[in-house]
Structure formats: C-alpha cells, structure tokens
Amino acid sequence: MPLTAVNDFVIRFANVNGSGSASANEMFARAIMRMGIPMSPRNVFPSNIQGLPTWYEIRVTEAGHLGARGGTDIMVAMNPQTFNADVAAIEPDGYLVYDSTRAMPPGRMRTDINVIGIPLTRICNTEYTDPRQRQLFKNIICIGALSALLDMDLAELEKLVGEQYKGKEKLIGPNVHALQLGRAYAAANFKCPLGLRLKRTDKVGDRILLEGNAAAALGAVYGGATVCAWYPITPSSSLAESFTRFCAKYRHAPETGQARYAIIQAEDEIASIGMVIGAAWNGARAFTATSGPGISLMQEFFGFAYFAEIPAVVFDVQRAGPSTGMPTRTQQCDLINCAYASHGDTKHILLLPEDAAEAFEFGASAFDYADRLQTPVFVMLDLDIGMNHRLCRPLQWDKARRYDRGKVLSAEDLDRVKDFGRYTDVDGDAIPFRTYPGTHATRGSFFTRGTSHDARAKYSEVGAVYVEGMQRLLRKQETAKGILPKPLRDDAGKPTRFGVIYYGSTAPAMNEAAGILAGRGHSLDLMRVRAFPFHQDVASFIADHDFVFVVEQNRDAQLRTLIVNELDIDPVRLVPILHYDGTSITARFISGAIADRLDALKVTPLRKAMS
Amino acid sequence: MTYLAKPKFHHPSLPKNAIGFTRRDYEASTSTLCAGCGHDSISAAIIEAAFELSIEPHRVAKISGIGCSSKTPDYFLGASHGFNSVHGRMPSVLTGANLANRDLIYLGVSGDGDSASIGFGQFAHALRRGVDMVYIVENNGVYGLTKGQFSATADKGSKSKKGALNSDSAIDLVSMALQLGATFVARSFSGDKAQLVPLIKAAIQHRGAALIDVISPCIAFNNHVGSTKSLDYVRAHNEAVNALDVMIGRAPITVDHAPGKVVTVTLHDGSELRLRKLNDEYDPGDRLAAMNFLQAHAARGQIVTGLLYVDPEADDLHGHFDTVPTPLNQLGERELCPGADTLDAINAGLR
C-alpha cells in the first residue's frame with residue numbers, strides 16, 4: 001500500500017553538485033511555501049565544487065515541524081553515483097522518481113517501493129540541442145513532472161520562474177515550457193496525484209523564508225556594524241558575503257554614493273580578529289564571521305580583548321570538528337572553545353539563536369552587548385541555521401530603538417570628570433568607562449595593553465592589583481547575566497520530575513519531540529537556553545527537577561559541561577542526549593533517546609519503596 | 001633605564017611649536033629599556049618629528065606588537081592613545097583602527113621579530129593594502145626580551161653574542177616593502193637623528209603605507225664584533241643615498257650640511273620633500289631601480305639608508321573603499337540603520 005498523506009512527507013533530491021539542480025530545487029520548495037504549506041528545506045552538500053553527490057531535502061509539514069524528520073518518502077534519484085544507497089534510504093511503501101532514459105544501474109530493485117520512471121534525458125534531448133540547456137532544463141522538467149505527481153499549483157511555479165528571471169525575460173518562456181513538458185509527461189503516464197500530495201492551505205501565515213547567515217548579516221547592518229574583517233571558511237562565508245550585499249544596498253551615502261562601511265577579506269583569521277579589535281577599540285562596531293578552525297586561530301586575541309576590555313562581535317557558524325572535521329556538516333561543537341577562549345582564566349559571552357529570526361535579533365543586539373560589556377560576544381550559529389532556508393517569524397525593528405554604545409566618555413564628559421581611570425569601577429557594575437582615541441586634547445588618553453594593569457591602565461605586576469582586576473572581570477559576568485537574552489521556559493502544564501535543556505538549532509526538533517513524548521504520556525518541562533553566562537533561571541529550572549536532559553549536537557555534552565562547571569550542579573542529574581553525526585538532529589532521535597532514558601530512570605523513589 | 005620619574009615642570013623659555021606645545025608635551029613615561037638602547041633614540045626622533053610638525057598628540061594613535069620595540073609607545077606621546085597588542089599583530093589592529101577613524105595619524109611600532117618572523121604575514125598585507133600609516137620597524141636583528149636569539153633580519157654569517165653563526169638568509173624588510181607596493185619606503189639608523197627625524201616627518205605627511213626600517217643596535221645582545229647590526233658596523237657600512245628636508249608651509253628648516261643637487265617632491269597635502277642627493281644615480285621615484293640598487297649594495301655588504309622610494313600620488317585603503325569622509329566611528333543610527341520600513345519591505349520579499 002503506497003504511502004498516503006497530504007502536506008506531510010519528506011522529499012529528497014539526490015543530485016551531482018555543480019549541475020544546476022540547486023536553483024530548481026529551491027524553486028520547488030518555494031512553490032510549496034507559496035501554497036501556504038509550511039516546509040523546511042535542507043541542503044546536504046560535500047566540501048567540493050563540482051562532481052560530488054549533493055542532496056536537497058524538503059520536509060513538507062502542515063503541522064509546522066521545521067526540524068529534520070529523518071527518512072525519505074520520495075526520493076528523486078538523479079545521481080547514478082549514489083543511486084543504490086538512495087534507493088535503500090526510501091521508507092517502505094515510499095516512492096522513487098528516477099530518469100528512466102537509460103537502464104537502471106545494476107542491483108536488485110526493491111519491491112516495497114513505488115517506482116516512477118520519467119525519461120528526463122530523452123525528453124530533454126528531443127527538445128534541446130545545446131548541452132548546457134539540456135543539463136539545466138532537465139532539472140526544470142523534473143520539477144514540472146513532480147508538480148503533476150504531487151498536485152502542485154503550476155501557477156506558483158510559473159510565477160517563481162518570472163521572479164527569478166526578472167530582467168532576463170527571454171528566459172521565462174523556455175523555463176515555463178520545460179515545466180509544462182515534465183508536467184504533461186507525468187500527467188499522461190501516471191495516475192496523478194500520488195498518495196503523497198500537496199493541498200493549498202494557509203498555515204505559513206506571515207512567516208518569511210530566510211537563511212540564518214543572511215539574517216545575522218542583516219542584523220549586523222541594523223545593529224550598526226561598520227567594519228567587517230573576515231577570512232573565507234565554510235559555513236560562514238555567506239554571512240560576510242550577505243553583509244557585503246546588504247551594505248551595497250543600504251549603506252551608501254545617498255548624496256555621494258560613498259560607503260558607510262569597510263569590509264576587508266583579511267589574510268587569515270588572526271588578522272580578521274585583530275582588525276575587529278582595532279576598529280572596536282577605536283569606536284567602530286566591528287565583527288568577524290568564522291567557523292571552528294577560525295575560532296582556534298583567534299584565541300590569543302580573544303584573551304587580549306577580554307583582559308583589555310575591548311568589544312568585538314564574532315559570528316561562529318559551527319561545523320563538525322575537530323580539525324577540518326566535516327566542513328559541510330552541522331554541529332554545536334565550539335561552545336567550550338568559545339566560552340573559555342584563550343589562555344589564562346577567561347569567560348566570554350555566548351548568544352545561542354534558534355533560527356534566522358533570532359540570528360537577526362542577536363546579530364543586531366550583540367553589538368549593544370559588546371559595547372555595554374566591553375568584551376567579545378560570540379553569536380553561536382551553526383551550519384543548519386546558517387546555510388539553510390528556514391521559515392521564521394518576520395524580522396522586526398523598533399523605530400524607537402537606539403544603539404547602546406556603552407560607557408564612552410565624550411570630550412564634554414572628560415571636561416567634567418575629575419579623575420579618569422580606564423579600569424576604574426565607578427558605578428559598581430564592574431564596567432569601567434572608556435574613551436575613543438582622539439577625543440580630548442589633554443584628557444582621557446590611556447595605554448591599552450594585554451599585560452596586567454591597574455585601574456588607570458598602568459602596567460602592574462602587583463599581585464593584589466592583578467587579582468582585583470580579575471575579580472572585577474568576574475563581577476562583570478554577573479552584570480552580563482542581567483542584560484543578555486533570558487532562557488525561555490515552557491512547562492508541561494502538569495507536574496513532572498523531568499526537564500529538558502536545549503539551545504540553538506535543536507529547537508524545532510526538540511519542540512516536536514516534546515509533543516511526541518507528551519503523546520506517549522511523558523511530560524517534560526522545557527528550557528531553551530539563549531546565552532552564556534547562564535541566567536539564574538537555569539539553576540532554578542534544574543533545581544525544580546530531579547533529572548534534566550541536556551540535548552545538544554556534539555560528542556562531549558559541552559553545554560552540560562558548562563552548566564556543571566558554572567552552576568555547580570551534580571552531573572548525575574544532567575542526562576546528556578547527544579547527536580553529533582553531522583546531520584540535523586531530529587525529533588525522532590530526541591524522543592527515542594529520551595523515552596529510552598525515561599524507562600531506565602523509572603525507578604521507584606526510595607521513600608515510596610520503604611512505605 | 002632609570003626609576004626616577006621626570007619632573008613635570010619645565011623652563012618657561014622652552015621653545016614652542018606652532019600650536020604652542022613644547023617638546024616636553026610630546027614625552028611620556030620614562031623608558032625601561034637598557035641605557036643606550038637604539039630604540040630610545042627612535043622614540044626621541046618620533047618626539048622631535050611630532051613637535052616639529054606641530055601635531056596635536058591626541059590625534060595620534062600609537063600601536064605596537066610585542067617585544068622591546070613594542071614597549072616604546074609608552075615612552076613617547078603620552079597624551080596619545082596607545083595600544084600594545086599581541087606579538088606580530090600590530091598591522092591588523094592598526095588596520096582596523098584606521099578603518100574606524102580615518103582622521104587620526106596611525107603610528108605603528110614594531111621590531112624585527114615582530115614584523116619579520118611571527119608577524120611577517122601581517123607586515124606584508126598591511127603594506128599591500130595601502131593602510132595610511134607610519135610603520136616603524138626598530139630593527140636590531142635579535143630577540144632582546146628573551147635574551148639574544150637571532151631574528152629573521154640577522155644577516156647570514158653574523159655572529160651572536162654567545163658565538164653562534166647565523167646560517168639562515170636574512171629578510172630585508174625594505175626590499176619586501178618595495179615589492180609589496182608600499183608607497184613610502186625608507187631606511188635609517190637610530191644613531192643618525194639628522195636623517196631619521198625628517199624621514200619620520202615625511203612618512204607622517206605621506207598618505208598611504210609608509211615603512212621606515214630603522215637599524216637600531218641592541219647594546220645588550222647585538223653590539224659585538226661579528227654582528228652586522230652593531231653601532232660600529234652600521235656606521236662603517238652606512239650608504240646614505242639622500243638627505244631630506246620636509247617643508248610644511250612654515251619657515252623652511254635650515255639644513256646643516258653642504259648643498260647637493262636638490263629634488264623636490266610635492267605630497268598630496270601640498271607639503272614638500274626636498275631631497276638632497278648624496279648619490280647621483282639614485283632616483284627615489286623609481287621602484288624597480290630602487291630594488292636593484294638595494295640588491296647590488298647589499299651584495300657588497302653596504303646598508304643603504306635614506307628615502308628609498310616615494311609615490312607622491314599614492315592613495316590609501318579608504319580611497320580604495322571610497323568610504324565617507326566622516327570617520328566610521330562617528331556614524332549613528334541615522335546613517336547606519338536602514339529602519340523599520342525597509343525591514344518590512346525586506347520581509348515582504350522573503351515570502
């Protein structure tokens with residue numbers, strides 16, 4: 001019995017990278033969204049330019065579950081190299097769509113799936129003579145065929161073709177024609193629609209479709225960043241490139257066309273962070289975008305900025321480590337490396353956005369936090385958020401919002417202030433006042449150094465002076481806890497001994513998993529942590545439960561380690577749920593893993609057993 | 001070094017410059033370097049150059065790396081902001097600072113370990129980007145703070161204080177700077193203030209990347225027989241190609257040496273460099289010839305000093321980026337934030 005479902009299935013395109021499939025697949029995904037059906041696309045790609053396997057997966061989900069689901073219901077197998085493995089990955093009773101022009105690669109075909117052969121190459125070769133056209137239109141013909149098989153609204157596809165080739169109108173006709181070729185073939189040769197199909201609805205609402213890297217870059221534009229120094233590294237490059245694109249559009253003086261920003265592609269990550277720190281020291285809002293290997297290289301400067309108290313914003317789009325690891329696979333594996341970056345005793349601010357909308361918000365407010373707290377702020381994205389389009393709430397900006405440039409003394413301030421000391425804790429919040437170079441002819445200058453210094457920025461190796469400075473930096477973390485985004489708590493609605501802590505890109509899968517577990521009678525209170533150092537609410541949440549699952553995407557339970565370390569929690573009470581194979585975490589995995597542990601933890605409390 | 005702080009008062013008749021500052025106003029903390037260190041002479045030359053150019057000290061940002069040389073920004077221009085960064089990374093910090101505020105004067109101070117070894121990459125890239133700065137390398141061919149190891153500018157065959165012979169080829173920062181596209185390249189000697197002060201003044205006036213490689217003997221670890229960076233050796237092998245006067249629209253500075261053939265170079269801001277030729281074949285406007293001249297003389301063991309190359313038409317990084325004239329650190333929400341309405345339009349385009 002073939003799978004049947006409306007607006008609830010996973011379709012996966014298996015392609016060869018560099019073959020032009022990406023834009024066709026993306027168009028297909030957008031058409032689903034335009035039909036009002038929530039969907040969640042994911043790119044699975046190799047670290048390669050051309051010729052290696054790549055997959056594009058769309059989870060169609062009227063219920064709005066935007067995490068990866070796992071499994072494939074419809075496989076569009078266009079890559080002979082991975083054909084057998086792709087076929088093997090189809091769910092029982094699922095569908096295989098393939099190019100039937102040539103004989104199927106050798107191997108026994110499964111009998112428990114539904115095979116749909118479309119002679120794409122033949123249709124293409126009959127219609128087109130130019131080799132490049134044959135390649136590109138093959139993808140479009142395939143989309144056209146799928147539109148019939150899944151009952152997609154062709155008008156939406158045609159509209160998208162029109163938008164994509166705006167300004168190149170002569171390409172619209174041929175593309176629409178290719179769509180129709182595929183659609184006609186499918187309609188003539190198969191019973192359409194299949195058991196799995198689409199149906200127009202209104203569940204997308206006012207949500208937008210956006211990549212986290214682009215959102216973070218837009219956040220940096222809105223947040224007033226003027227200096228970006230970066231070094232190309234997957235999966236962060238598109239963040240700096242998006243910033244470049246947005247700046248070209250929104251950051252030129254209307255009268256002169258001159259740039260109100262400067263972007264440097266530096267010689268390496270060390271230079272990138274050096275430039276950011278130099279610019280921020282001099283009063284510009286500055287950031288870099290990088291990934292794990294870059295974070296490793298920047299360590300010395302992080303310690304410098306922490307100790308000398310210089311703002312910096314670092315977007316870390318995490319990928320699977322260690323070393324080069326899996327550069328195109330996702331993980332949450334840089335938490336500890338960022339939280340305690342550099343030699344000596346350090347602690348840094350981390351922000352943990354869950355999606356593109358939060359990447360925008362945190363991307364903008366990171367600059368306020370960095371200026372207010374005079375310290376580096378890490379925005380911890382990952383490949384799953386950064387490089388995939390994701391539905392999210394519309395981006396918002398309060399018209400009344402003003403940048404918080406922190407405690408910076410102007411020339412007038414310096415005339416009033418009797419005694420300026422760069423590292424003097426005047427207000428008792430452990431945040432001193434600073435001055436930009438060039439502010440005042442005779443007052444406010446100081447010497448910035450990574451060596452131990454007293455409250456007036458003078459070099460000092462006096463133990464008590466050093467300790468006082470280090471203690472103030474610790475107190476500054478306390479101030480930070482009150483400023484940073486608070487953790488969000490979502491209780492089950494009925495009493496439970498179990499809680500879950502999660503963060504970042506795990507959010508959609510976790511929310512879905514909580515629903516699955518609730519359906520099986522397991523109530524869980526949820527807390528999504530959004531920043532480090534941890535707010536008091538995190539400790540309270542743990543105190544409220546016997547056991548707390550900490551769900552994350554790394555091998556060593558890094559957030560759990562930070563919680564144990566910073567909040568002095570008995571590790572036994574924090575149960576790690578870890579997914580780190582580089583694929584996106586799924587609700588299936590989380591709910592399965594938590595259900596297993598719950599069974600194991602179902603011991604009768606001692607009090608009850610004795611009574 | 002001395003532990004006695006200099007008294008703040010000074011004689012009322014000390015000469016003042018055009019903005020009413022005395023030389024004392026350009027001084028700072030007392031040096032903690034060894035008595036007789038060449039680096040202290042360079043600090044004094046920087047003070048003299050800033051005084052003579054009537055620079056407001058607070059309009060200078062002095063940035064350094066790590067090492068003896070990099071400690072010196074604490075010893076001059078006390079009213080300027082200073083930044084003693086991490087080893088070998090002064091150029092990136094300076095580049096960022098320069099991007100944030102194009103209106104200040106950026107003085108990068110580094111050493112041969114800082115620039116030719118750990119920071120060789122940053123040295124190269126800051127020069128090739130044309131960052132508007134004065135990049136001074138206080139070059140003694142040796143690691144002083146860690147007690148006498150060879151640096152990458154130590155000549156092949158030179159001898160360490162402990163008697164070891166250097167078998168590695170030397171990096172010549174001046175040749176590198178020429179190759180990398182620096183638009184002002186000079187070499188001088190810490191012991192020749194008459195040559196060094198005008199070079200620093202000219203470098204400050206120059207727009208673009210200016211490098212001054214100053215041979216600065218380390219009297220503690222590299223001033224012995226067999227060293228090619230000792231006071232005696234440098235004095236004996238110094239081949240100065242020109243002598244320089246910098247004219248900035250005030251009364252001409254009188255020169256105390258015999259007149260030779262004078263060439264005038266006008267910089268972008270109208271100030272003039274008057275070069276008195278000491279070597280008739282040398283043309284500081286010809287990058288290729290400069291490179292050849294340096295190589296030929298290096299092969300003969302001579303240390304060529306003077307203004308080696310200048311491009312008076314040079315542009316800088318801000319010119320390449322076409323940034324607004326207002327320093328980026330002075331822009332606010334009005335100039336930087338596209339606003340809520342634009343965001344609504346962006347949202348609409350993402351559906």
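In the predicted model, Ala14(A) has Ala77(A) as its bridge partner in β5(A). The two strands concerned, β2 (residues 8–16) and β5 (residues 72–77) of chain A, run parallel and are joined by 4 bridges. Both belong to an open sheet of 6 strands in chain A, ordered β3-β4-β2-β5-β6-β7, in which the pairing is mixed. At the edges of this sheet stand β3 (39–44) and β7 (114–118) of chain A, each of which pairs on one side only. From one strand to the next, the twist averages 15°.

A second open sheet in chain A contains 5 strands in the order β18-β20-β19-β22-β23, again with mixed pairing. Its edges are formed by β18 (488–490) and β23 (574–578) of chain A; each has a single partner strand, so one side of each lacks a neighbour in the sheet. Neighbouring strands here are turned against each other by 20° on average, with direction ignored. The pairing of β18(A) with β20 (residues 525–528) of chain A is antiparallel and extends over 3 bridges. Within this pair, Arg489(A) has Met527(A) of β20(A) as its bridge partner.

Strand β15 (residues 376–382) of chain A is mostly covered, with 7 of its 7 residues buried. Pro376(A), Phe378(A), Met380(A) and Asp382(A) point one way from β15(A), while Val377(A), Val379(A) and Leu381(A) point the other way; all are buried. Strand β13 (residues 312–318) of chain A runs parallel to β15(A) and is joined to it by 7 bridges. Strand β14 (residues 349–351) of chain A also pairs with β15(A) in the parallel sense, over 3 bridges. Val379(A) takes part in both pairings: Phe315(A) stands opposite Val379(A), and Leu351(A) has Val379(A) as its bridge partner in β15(A).

Among the helices of chain A, α3 (residues 120–127) packs against α4 (residues 131–149) at an angle of about 125°, with the axes 9 Å apart. The angle makes α3(A) oblique to α4(A). The crossing of α3(A) past α4(A) is right-handed. On the side of α3(A), the contact involves Leu120(A), Thr121(A), Ile123(A), Cys124(A) and Asn125(A), which meet Arg134(A), Phe137(A), Lys138(A), Ile141(A) and Cys142(A) of α4(A). By class, the residues of this contact comprise 6 nonpolar, 2 polar and 2 charged.

The contact between the chains takes 52 residues from chain A and 48 residues from chain B. On the side of chain A that touches chain B, the elements giving two or more residues are β9 (208–211), α7 (212–222), β10 (227–230), α9 (269–281), α11 (299–308) and β17 (447–449). The largest share of this side, 9 residues, is supplied by α9(A). The side of chain A that touches chain B has 32 nonpolar, 13 polar and 7 charged residues. Strand pairing also links the two chains: β17(A) and strand β2 (residues 81–84) of chain B pair in the parallel sense over 3 bridges. In this pair, the bridge partner of Arg449(A) in β2(B) is Asn84(B).

Conventions. Residues numbered from 1 in each chain as written. Chains lettered and ligands numbered in written order. Predicted model: local features only at pLDDT ≥ 70, side-chain atom pairs only at ≥ 80, totals over all residues. Contact = placed C-beta atoms within 7 Å. Nonpolar A, V, L, I, M, F, W, Y, C, P; charged D, E, K, R; others polar. Pairing = 2+ DSSP bridges. Axes fitted to C-alpha atoms, helices over the stretch in contact; angles between N-to-C directions. Parallel < 35°, antiparallel > 145°, perpendicular 65-115°, else oblique. Left-handed = near helix turned anticlockwise from the far one by under 90°. Buried ≥ 20, exposed ≤ 12 C-beta atoms within 10 Å, placed from the backbone.
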